[in-house]
Amino acid sequence: MLLAYFHVMHMSSDLTASRLIAALEGTRFRHVEVHDEVESTQTILSKEDGPDGRVVVADHQTSGRGRAGRQWTSPPGRSLMFSTLLRGIAPESTPLVCLAAAVAVSRAIAMVDLDPRLKWPNDVLLDGKKVCGILGELAPGGEYVVLGAGVNVSQTAEELPPDVEATSLRLMGANARRGELLVDILRNLDGMLAANDWMGEYRERCATIGTPVRVQLQDEILEGRATRVRDDGALVVDGRAVVAGDVVHLR
Ligand code: BTN
């Protein structure tokens with residue numbers, strides 16, 4: 001009983017606003033809130049014209065959103081779910097900032113001794129299975145970008161969505177703490193955005209480059225070999241530049 005109590009205390013105290021704010025000192029991420037339950041951290045930030053570097057974290061989302069209008073679901077307490085509002089990003093750089101976020105998450109996951117790879121544009125994979133999804137949304141007037149990420153931390157196989165090939169850090173053998181992961185991710189992102197230097201690392205980690213792929217475009221399916229990711233973030237498949245679409249690796 002006592003042990004169980006300490007376990008709960010230990011687990012929850014890692015994700016508190018005061019700890020996160022202290023650990024993120026010196027970065028642009030100075031406004032951090034942690035909620036037990038929200039509709040969607042992404043929706044909260046998209047609705048309010050908040051300050052640069054505002055971060056909203058939730059233990060549970062009731063209407064989590066994924067890319068292309070999909071849902072993002074996770075049982076309470078099992079994943080790291082957060083969004084942040086970024087100002088000073090040129091609207092056309094929104095996709096690039098999402099690539100930066102994927103690199104920032106990968107670096108944080110590499111710190112727990114795993115070897116993450118990326119599926120274009122910004123899925124983070126372990127052993128070919130999705131461990132993190134990233135969503136970037138530009139404000140209607142283009143004044144800011146809301147960047148959200150969901151990292152599967154401690155889900156069991158049964159707790160993962162059945163419709164995607166997904167995994168969690170725990171299933172891959174890592175015992176990561178959500179607060180530490182979040183601080184690592186945001187510190188990485190802060191440095192990358194300041195230095196504007198993530199494309200080289202993105203390409204190194206990108207499993208899509210050199211792989212035969214199927215891309216679901218708006219009204220067409222394109223199959224071919226992905227050869228490179230351009231500086232503007234577009235994926236080149238058999239000489240054709242793809243700026244947005246869902247990719248399947250064919251091997
Ligand atoms: C994807 O489809 O791969 C992107 C998933 C993004 C999920 C995160 S969880 C935190 C933030 N809030 C949301 O509603 N979505 C993002």
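This is a predicted model: local features need pLDDT of at least 70, side-chain atom pairs count only at pLDDT 80 or more; totals for chains, interfaces and linings use all residues.
**Pockets, a cavity and the ligand**

β6 makes the largest contribution to the lining of the largest pocket, with five residues. Residues are numbered from 1 along each chain as its sequence is written, and side-chain values use heavy atoms, with hydrogens and water left out. Helices (H or I, at least four residues) and strands (E, at least two) are DSSP runs, numbered from the N terminus.

Rolling a probe the size of a water molecule over the atoms shows where empty space is left. Here that was done on a 1 Å grid over the protein atoms alone: a pocket is an open set of points with protein on both sides within 12 Å along at least five of seven lines, a cavity is a set where a 1.4 Å probe fits but cannot get out, and lining residues have an atom within 4 Å of a point. Points are joined across faces, edges and corners, and a volume is the space filled by probe spheres set on them.

The largest pocket comes out at about 970 Å³. Its lining takes in 44 residues, with Arg70, Trp72, Asp123, Lys130 and Val164 nearest the centre. Two or more lining residues come from each of α3, β3, β5 (123-126), β6, β7 and β12 (246-249). Sorted by class, the lining has 16 nonpolar, 17 polar and eleven charged residues (Ala, Val, Leu, Ile, Met, Phe, Trp, Tyr, Cys and Pro count as nonpolar, Asp, Glu, Lys and Arg as charged, and the others, Gly among them, as polar).

This largest pocket is also where the ligand sits, meaning that more than half of the ligand's atoms lie within 2 Å of the pocket's grid points. Around the ligand are 19 residues, the closest being Ser40, Gln61, Arg65, Arg67 and Lys130; a residue makes the list if one of its heavy atoms lies within 4 Å. β6 (129-138) turns up again, giving the most to this shell with four residues, while α3 (41-47), β3 (79-87) and β7 (144-152) are also among the elements that supply at least two each.

Some polar contacts (pairs of N or O atoms within 3.5 Å) can be picked out. The side chain of Ser40 puts an N or O atom 2.7 Å from a ligand oxygen. Lys130 also uses a polar side-chain atom, at 2.6 Å from an oxygen of the ligand, whereas Arg67 uses a backbone N or O atom, 2.6 Å from a ligand oxygen. The protein covers 99% of the 420 Å² of accessible area that the ligand has on its own (Shrake-Rupley method, 1.4 Å probe).

α4 (94-110) and β6 each give two or more residues to its lining, and the largest share, four residues, is from α4. Eleven of the lining residues are nonpolar, six polar and four charged.

Finally, there is one cavity of 30 Å³ or more. The largest cavity has about 40 Å³ of space and is lined by Phe82, Ala101, Leu147, Gly148, Ala149, Ile185, Leu186 and Leu189. β7 and α5 (178-195) each provide two or more of these residues. Seven are nonpolar, one is polar and none is charged.

How values were computed:
A polar contact is a pair of N or O atoms within 3.5 Å; within protein, one must be able to donate a hydrogen and the other to accept it, and residues adjacent in sequence count only if both atoms are side-chain atoms.
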